[in-house]
Amino acid sequence: MKRTIKYLSFGLMSVLTFTACSDEFLQDKKNYDNVSTDMYNYIEGANGRLNDIYAWCLPQTGDLSSGTNYLSVAVGTADIAGKSTEEYSGFSDFTDPQKALSSMGSTNSVPDYFMGAHNNIQNSIYGRIRNINDFIKGVSESTLKEEQKDLMLGQAYFFRAWCYYNLVKWYGGVPIVTEVSDPVKDNYTPRSSAKECIEFILDDLEESAELLYDQTAHGGWTGEDYGRVTTGTALALKGRVLLLWASPLFNRADDQSRWQKAYSEMKADLSTINACGYGLYQTSTNVNGSDFAGQFLTSGINPEAVFVALHNNIEGDGLDNQKNNRWERDIRPANTGGGGKGAGLAMIEQFPMADGKMPDLSGLADLSIVGGRTYKDTYSKLERSSYTYDENAPYMNRDPRFYRTFAFPGFRWAYQGDATVRDSHNPDYNGGKDYVIWNYVWFVDKNDEGKIESGNSFGADNLLTSKVGVYVRKKSDDLDVNGSPLYQYVGADSKGSAPFYSAAPLIEIRYAEVLLNLAEAACGAGEMAEAVNYLQQIRARAGYTADNNYGLQTNLSSDKATCMSAILYERQIEFAYEGKRFDDLRRWMLFDGGTLVEGAGDVDPEAQPLPSNWKVTGWGGNTCTWLGFKQLNGQRRENVSFRTADKYGVGTTQWDGDPLLNGGGTRPDGVDFRQTDLTTQLESLRTWYTDNLVTRYTTGDSYDSQKNVLYINFRPKYYFLGFSQGALDHNADLPQTVGWADYNNSGANGTFDPLAE
């Protein structure tokens, strides 16, 4: 049976130049969707078309659940992916027990990562694939020199593979389109099996790696070409794809041949990736995890950045040449001009202690919130720390990366800018250079202090209602780490636009992921000692030494399940707030262990039977049990903040209503992470907390209308998404994914099985 894939081509919105091109050329050629084949006979024309592919296919810094970023990837925001993990709290569309995603209508519609905007070729992933196919055909048949063709085609094959990877990880098998089809109804392409799609992606990546080898496998691109994909980029994505295919999501029976293939090919490719100039970002001045923080702030050639989207700090309002990374403005506190992102309690408490081990949370009292700390017995195969976890000072004795991931009241978080221009009541802190976050809260009514759902609190230093309990500071351009910030701080303008126009790169594949992908493949193939070696390299960069085996327990090389658990834990920590956790949870089916057990009392009006082959049979029939990981379904995630002590009474709703300062309290100096003696500073801060603040836990995941506690419910059919009503309406013959209602077949169960070969 033939299935429909339609293309509707409208004009290109704007051109974002990736490398140097003729200004005259860009003025003459604005629409790259409707071009003549003669364009490819000129290096300027072909390069302009290639730059257009980069501009539309590189990862973006927006939310996965809004805008055009549904065609890209999660980057660590509190979007539909981030809020499905331990990193944030609050149910997402994927985890809400009261809302089942629909493939039959627009209400609660399943996200459309398949077609996207049907009336705009760049905002449709198959529109982007069409442009890439046009480029491949045009360059291949052009009169350019062969070496010019190779360099351009190598980059195009990578991006075609990148587009298909982002489809396959959601849907399994999808239509493979390699020709340039006209946007007419009679053009059909069948939905290929997941195996065929994986093989197609791998072929494109190997072709890319080979074509780019001579140019990039001797140190990579330099000068104006830095940031382009390389042989190493292609091989790194190839490793991610091989790992995806070997993981339980696609490999329910734990077929060892997939692990062996992934391990052997990734190990063989590592030397070539290294030859492209990639490696862990490290300096000789690493203090309290400063190298970990600094890897995101390198404007020049960065060995960590295997696949990277470059940005600039040009201020503007949608200018063609403006490409800012908005992460800095999103995470900075409101009294600096930012928005602020609140870290979930689960992520804070699961982070390692200073000895590299998980905190021992078993002795902590239950929270007043029913279901609080449901995660405290997870990763049961991993050893607990000898350090005592202090819930009233969670920052004591933590992994160095902890201090580069979170910001608590009393932490320095320096920046360069004058926030008083935006609001005269904002703290100045020497033009931001000595900024300390003081986000403790107070109440104006004592009765609100004990209410876990009360939002009637006010934050210090003019944060007021625009505050969060613990800030995410991961990937921040901290002035104490980078003395020449990559952002242009704009205090205020006539449009009131946000500051922090940042040129910070967005790294989609870090070298650390290359090592951890290989570690996971090695473990899956039974090569645990080699897997441990890669873990040790990651831990060494974080600041651990061989003196305590880099904080790793000693049985990892002899216990496969424990070794794999340690690898997944390391990924959770190393890649926190980088958009990788949700993919890992899906890959290992950690919401239910692959048992496909529906949540208690779940009501899905469109529920359809799932095939028996969807149940995990490898790993003892339950990946969570095998790993010692407590499944996320049935858990809750809460929040933590710190309020002023009872002795200070209540405050007011105004910027100067802080009862601590008004009641004679004082603040210590902010904790300065540039100083090697961190423990003394933190001990001093803990003493101040004890005298002045009270730890306060608040609701993260919601309750129902009757105030009954709700728990995470990721429905088993979400492991592979169905097509939305909109996508099916535009593709009348496209088969729906099994387990999802088919809009084109009166709501009957879908017929396409992503696991069928």
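Author: Buried means under 20% relative accessible area, exposed means over 50%, and partly exposed lies in between, with a 1.4 Å probe and protein chains only. This is a predicted model, where local features need pLDDT of at least 70, side-chain atom pairs count only at pLDDT 80 or more, and totals for chains, interfaces and linings use all residues. Residues are numbered from 1 along each chain as its sequence is written, and side-chain values use heavy atoms, with hydrogens and water left out.

Reader: How far does helix α12 reach from its first C-alpha to its last?

Author: Helices here are DSSP runs of H or I with at least four residues, strands are runs of E with at least two, and both are numbered from the N terminus. Helix α12 covers residues 528-542, which makes 15 residues. The expected span is 1.5 Å times one less than the number of residues. For α12 the expected value is 21 Å, and the helix comes close to it, reaching 21 Å.

Reader: Which residue just after α12 takes a positive phi?

Author: The phi angle there is about 125°. The residue is Gly543.

Reader: Which residue of β10 stands opposite Phe307?

Author: Strand β1 (residues 305-309) is largely enclosed, because 5 of its 5 residues are buried. Two strands pair if DSSP finds at least two bridges between them. Here 4 bridges join β1 to β10, and the strands run antiparallel. Opposite Phe307 stands Ile509.

Reader: How many residues apart in sequence are the parts that Lys446 and Asp646 tie together?

Author: A salt bridge puts a side-chain nitrogen of Lys or Arg within 4 Å of a carboxyl oxygen of Asp or Glu. Lys446 and Asp646 form one, with the closest N and O atoms 3.5 Å apart. Lys446 sits in the loop between β5 (441-443) and β6 (457-459), Asp646 in the loop between β11 (639-644) and α16 (659-662), so the separation is 200 residues.

Reader: Are Arg587 and Glu520 buried or exposed?

Author: Their salt bridge has its closest N and O atoms 2.7 Å apart. Arg587 lies in helix α14 (residues 581-587) and Glu520 in helix α11, so the pair ties together parts 67 residues apart in sequence. Both Arg587 and Glu520 are buried.

Reader: Which residue forms a salt bridge with Glu574?

Author: The closest N and O atoms are 3.2 Å apart. A network of salt bridges includes both, along with Glu304, Asp399 and Lys474 among others. The partner is Arg541.

Reader: Which element gives the largest share of the lining of the largest cavity?

Author: A cavity is a set of points on a 1 Å grid over the protein atoms alone, where a 1.4 Å probe fits but cannot get out; lining residues have an atom within 4 Å of a point. The largest one has a volume of about 190 Å³. Of its 17 lining residues, those closest to the centre are Tyr165, Arg240, Asp583, Asp584 and Arg587. The largest share, 4 residues, comes from α14.

Key: 1 Å grid on protein atoms, 1.4 Å probe; cavity = no way out; pocket = protein on both sides within 12 Å on 5 of 7 lines; lining within 4 Å. Points joined across faces, edges and corners; volume = space filled by probe spheres on them.
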